[in-house]
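Visitor: I am new here, and I would like a friendly tour. Could you show me what we will be looking at?

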Amino acid sequence: MRPGTRALPRRRALTAVAVTLLALFAALLPQGVAAPAAVAAGTTAAATGTYTNPVTAGTVDSFPDPSMIRAKDGYWYAYGTQNPVFQSQGEDGERMLPILRSSDMVHWTYAGQVFTPATEPAWANGSRLWAPDIHYAFGLYYLYYSVPGAGNIGLVTGPTPTGPWTDRGAVLPAASGCPSGSIDEAQFTDGDGTPYLYWGSYDTICVAQLTGDRTRVTGTVTQVARGRRVEGGFVVHRGGYYYLFYSDGGCCDGAFSGYQVKAGRATSPRGPFTDDEGTDLMSLTSKAGVVVSANGDRWTGPGHNAIQTDLSGQDWLVYHGIPSDAPDLAPASGGTLKLSRRPMLVDRLDWIDGWPVVRAGAGPSDTAVAAPVTSWTAGSTFTTGGLTGFTTAGSGTAGWSVATEQDAGGYLTHTDSGSTPAFAVTTADAPAQVRAEADLRVTSATGAAGLTLAHADAANRITVWLDRSRGVLATDVVVGGVSQGEQTSALPTGYSWDTWHNVSVEIRGTTMSVEVGYDRLRDPVGVQTRSLPAAAVRAGAVGAAARGAGAQADNVGAVALYQPVTARVAAPQPGPQLASYGDEFQNGLNAGWSWTRGPAAGAAVADGALSWPTQDAELALGTNTASVLSRAAPTGDYTVETEIHFAPAAGNQQAGLILYENDDRWIKLVHSVLPLNNGGGAVLNVSEFTKEGERPTTTPPTAVANGPMFGGPTADTMWLRLTHHLDTANNEHEVRASTSRDGVHWSASGVWTLPVKGSLRIGLIALNKSGATARFDYVRTYGAS
């Protein structure tokens, strides 16, 4: 792993609110794990409804590859890759799959670790443990984790989100059936109740069914995505599609990390998944569908995501990023392995035109932004206060009480309502346009547990039932004492009625959508949508419902439904063409071009294009043998574009645009051919967006490093753009890449930055391996729009 740093003045600095980790949280630690002397919450401001990334600031130094769950006790828990999380507090060593706890998704406290060196399973061979994935089912928390030292994936289960954990062994067979690294797993449950496991790294993601107890992979292994450094799959089901989120570009090169999150979608959990340009994720090309990428601000290498939903129904991307002003950790425990600092970030995830994107395309946040909604307008977790804030109605009003258990804490239960429903509802009303939810279970074969909302009284209400006697999800809308008709949906065979399931209801306009799932992780096993009469859409109480015996409820509440963002932020558009900074290649090379190590052999202008055979030469690190054709660029902001005809056939042939200062300071966008790491000789055609620059931690700062991002899909004819912004406040060049296969529709990638030292020049290159010829039809430069 190459750390890479750059000591740059940044426009924003993090602050931390220091708090002491009290004995309350020490009680959450697994046996034998000591709490640090002091831990602090993230940089948030709950009173103003805002927070600032990273949410783990002041709590832990690093928290890579995060996953998150809202547990049955009403708190959020996050799990991260083994890392030296308390290095800044003087601890020399790592925590093994550290756990954090929060009441609001943005203030976090340390809650322990899954293993210590003494408790790590023997079969793991002393491996570092990576990329945990957390789920809840059948009354247990299932935590899958990567064991690279054993070439496998492990599983532990526990009765609470902090354990105690029971080792369930390795999940994959010795030969996994997937031609990639056996890491970066993610569990997903389909609507019919079938559990799947996705896994893979460098460069293929696979999926296979899990056994009914979710402990072992079984049956056919299907490859669903491949690409250079593809890994970190995570799947959700939404709007009739399965969305596969994944990362590519390299996670851990410090300030040179090209990691970014992308997504494809399919109508089956086994694919085929396609990106937003219709490219199959198994195609031998790079892909579009960027969800989040570096945007030129503080964060580089944003990636390895999970998804979490707040109480209003708004989705949030949970991921890590590398702070470009402090990208590295020191080696832990006297070792030589230098790790990138990767704290946890949380940002709003929008769904626009059927595709997920962070903050409408604005990228990672590094200033105060609106926080997730984590408090109900009306509702309770029943952990304290009994039935305070609730009133009872219907049959058997005296039958309601609050019981307790280890995981959920307090929960609501009813003895037996008979055949008539009983209700326990809030004294406060929730809005008409609402999201309501509850955790429900039914312990009697003839009972039903429900979530009621828009509740004025028993004659005016909406109730969603988990009806065990019929094995269905049922909705009943009652207006003026008259039912508008019950609607039922089957639940999967083997549905575990005796354990908690989350039921959520959203009312937008006069449409009601219902989901039933194990753990709020966007993989429902029961769904229903129905139209409501206008009279049923009203502000009202929210609460639990019981029919018969065995109904239990917890975490019951409602809040105003989120307002979706429906349009992306405007992409930078080219301004007027600046003819003096381009060339149409009509009569040789225009004045202003100059060669570095040239003219290149075979490069010539003819028939309105510059033809340039690729060179057996390089422009990376200490090997600077390739030719560069360049000319002066405008000052300030501009976009440079070329149309290139290029059909490379062998690994590492590449050609395209470069913004060039010198051999050790440049940013390039090329059509390139790269081999798959585990592809059996297969090669990928990629849009490769790369930079080279100093690592200022060296003395003198002369060492250089490069890192790739991968843009949209390639074609024999492509259009490439580099958009330059001069960030005068931070003395930086910011350069964004875009590619197109028709010159009209553009796929944007991320942003690379370089500190300003000298001027960048507009350039072309064709290098790395001979045997292909690039034809450039033009170079055009445009001013700021």
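Guide: Welcome! This is a predicted model, where local features need pLDDT of at least 70 and side-chain atom pairs count only at pLDDT 80 or more, while totals for chains, interfaces and linings use all residues. Residues are numbered from 1 along each chain as its sequence is written, and side-chain values use heavy atoms, with hydrogens and water left out.

Visitor: How many disulfides does the structure hold?

Guide: A disulfide is a pair of cysteine sulfur atoms within 2.5 Å. The number of disulfides in the structure is two.

Visitor: Is the disulfide of Cys178 and Cys206 right-handed or left-handed?

Guide: This pair links distant parts of the chain, 28 residues apart: Cys178 sits in the loop between β10 and β11 (186-189), and Cys206 in strand β13 (residues 204-210). Strands here are DSSP runs of E with at least two residues, numbered from the N terminus. Because the torsion about the S-S bond of Cys178 and Cys206 is about 85 degrees, the disulfide is right-handed.

Visitor: And the disulfide of Cys251 and Cys252: right-handed or left-handed?

Guide: Both Cys251 and Cys252 are buried, where buried means under 20% relative accessible area, exposed over 50% and partly exposed in between (1.4 Å probe, protein chains only). The torsion about the S-S bond of Cys251 and Cys252 is about -85 degrees, so the disulfide is left-handed.

Visitor: Which residue has its backbone oxygen 3.0 Å from a polar atom of the side chain of Arg538?

Guide: Look in the loop between β37 (526-531) and β38 (541-547), where Arg538 lies. Not counting residues up to four places away in sequence, Arg538 touches several residues, among them Pro431, Ala454 and Val478. A polar contact is a pair of N or O atoms within 3.5 Å; within protein, one must be able to donate a hydrogen and the other to accept it, and residues adjacent in sequence count only if both atoms are side-chain atoms. The backbone oxygen at 3.0 Å belongs to Asn460.

Visitor: What is the order of the strands in the open sheet of four strands?

Guide: Two strands pair if DSSP finds at least two bridges between them. Strand β21 (residues 344-352) and β22 pair in the antiparallel sense over four bridges, and Leu349 has Val358 in β22 as its bridge partner. With antiparallel pairing, the order is β19-β20-β21-β22.

Visitor: Which proline is joined to Asn53 by a cis peptide bond?

Guide: Another cis peptide bond, with omega near 0 degrees, runs from Gly163 to Pro164, and Pro164 lies in the loop between β9 (152-158) and β10 (166-170). For Asn53, omega is about 0 degrees and the partner is Pro54.

Visitor: One last thing: what is phi of Arg359 near?

Guide: Find Arg359 in the loop between β22 (355-358) and β23 (369-370). Its phi is a positive value in a residue other than glycine, near 50 degrees.

Notes
Contact = heavy atoms within 4.5 Å.
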